[in-house]
Amino acid sequence: QGLSKMRITPEIQAFVMDALASLQLSFPIIIEASRNDTRLRDHIYAGFDTIASQLSQGSTTIDDAVATARELHKECREKESSLLASLAQIDGQVKDAQEWTNGKLALWQQKHTALAPRFQAWMGTGLGSLPTSAIAEHANLVDEYQDAVDDYTKALHDYNKALHDYEAKLVENSTASAEYAKQKETCEQNQAKFEESICDSGASLQSTCNAYLSAYTVRAQDYQEITSSVAARTIDRQAEWKHLKRVSCVLRTLAAMEKDGDLGANSSASADVNACYQTDFANANLTITEKPLPARQSCQVLPAWPCTAAFVQEEYAGLPAGAAVAACASSCSEAAMPSPTPSPSPTTTPAT
């Protein structure tokens, strides 16, 4: 009603135009403020992926180190088992060679025992005092003695060969035993390194997990505070936008008036002003789409610890037969295990 009596003077028109121009400067500022809040929210949100990637990268590096140590130990035990089987085979060959040598020795001794009295009988009886029949018998004795010498010589040769083979097997056995002992020592060192890698893995996984949980908690708090603040500013900007747009609408109507009384009742200008107050000037571009708080990632399950029954069953049950592992001597023990990682808990996101 007051506006209906307003006089349209050049001064009034100039004021209205200046006010309109001033208001137009506010709208880009409001839009930019909305964009800044979106970028701020997205920056905080992207940080969740960053800390989650550090969790997965740490797990991958640790897994690779443990897998390498596990494979080295397994391959070492397989070679140890193979050497042990070879050593057992050589042991059997040594025993066989020893039995063979003993048999050849017994045969040679038998031939020697049979030959000695024949030799003494032949050498002890003079040919001149023997009758003709006895000389012929003595000739037969010489032939038998020669046969016995041949048997004796062959038995001695067989014994010497068997003895040589036996001594060669002893050398082979000694070499194989030394190689096996060295391999077993290497495997025990690899086992200790593997068990130590499990200890390092568990400690590192727990440390990485704790760091992630701490970083997630801090970022979640920051994100909730930011989203709450952004939501409040979004409401304020939308209200400011509507108000300034409505004022601009009214001022544009006033700027279009040409004479006094144009805002009178039932005038088109009056209808335009009323329309300004009825119009919803909400700007959808000022709405910042909600992004729920990302769920907390689960940390990698901690490994079975060395010296525990679970670890022995999991890691050593499948090793080759004959490659028994050494007694556990890892630096970590069940009493010093890190505490289990808590499971992810549900989180809430403030509405925007």
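Helices (H or I, at least four residues) and strands (E, at least two) are DSSP runs, numbered from the N terminus. Read along the sequence, this protein follows the pattern α-α-α-α, and its secondary structure comes to 4 helices and 0 strands.

The structure is a predicted model, in which local features need pLDDT of at least 70, side-chain atom pairs count only at pLDDT 80 or more, and totals for chains, interfaces and linings use all residues. Residues are numbered from 1 along each chain as its sequence is written, and side-chain values use heavy atoms, with hydrogens and water left out.

The protein has 352 residues, of which 32% count as buried. Here buried means under 20% relative accessible area, exposed means over 50%, and partly exposed lies in between (1.4 Å probe, protein chains only). The protein exposes about 21,100 Å², and carbon and sulfur atoms supply 56% of that area. Accessible areas come from the Shrake-Rupley method with a 1.4 Å probe; for residues, only the protein chains shown count as cover. A contact means heavy atoms within 4.5 Å. Among the contacts in the protein with a separation of 6 or more, 89% are accounted for by residues 24 or more positions apart.

**Disulfides**

A disulfide is a pair of cysteine sulfur atoms within 2.5 Å. By this rule the protein has 4 disulfides. The table below lists some of them.

| Pair | S to S distance | Angle about the S-S bond |
|---|---|---|
| cysteine 76 and cysteine 187 | 2.2 Å | -105°, left-handed |
| cysteine 209 and cysteine 299 | 1.9 Å | 85°, right-handed |
| cysteine 307 and cysteine 328 | 1.6 Å | -65°, left-handed |

A disulfide joins cysteine 76 to cysteine 187. This pair links distant parts of the chain, with cysteine 76 in helix α1 (residues 10–124) and cysteine 187 in helix α2 (residues 132–256), 111 residues apart. Cysteine 76 counts as buried because its relative accessibility is 5%. Cysteine 187 is likewise classed as buried, at 0% relative accessibility.

Cysteine 209 and cysteine 299 also form a disulfide. The two residues are 90 positions apart and link distant parts of the chain: cysteine 209 lies in helix α2, and cysteine 299 lies in the loop between α3 and α4. With a relative accessible area of 1%, cysteine 209 is buried. Cysteine 299 has a relative accessible area of 14% and is therefore buried.

Another disulfide joins cysteine 307 to cysteine 328. Here too the pair links distant parts of the chain, 21 residues apart, with cysteine 307 in the loop between α3 and α4 and cysteine 328 in the segment after α4. Cysteine 328 counts as partly exposed because its relative accessibility is 32%.

**Cysteine 307**

The backbone of this residue deserves a separate note. Cysteine 307 is found in the loop between α3 (268–278) and α4 (309–316). Its relative accessibility is 44%, so cysteine 307 counts as partly exposed. Phi of cysteine 307 is near 80°, a positive value in a residue other than glycine. Most residues other than glycine have a negative phi.
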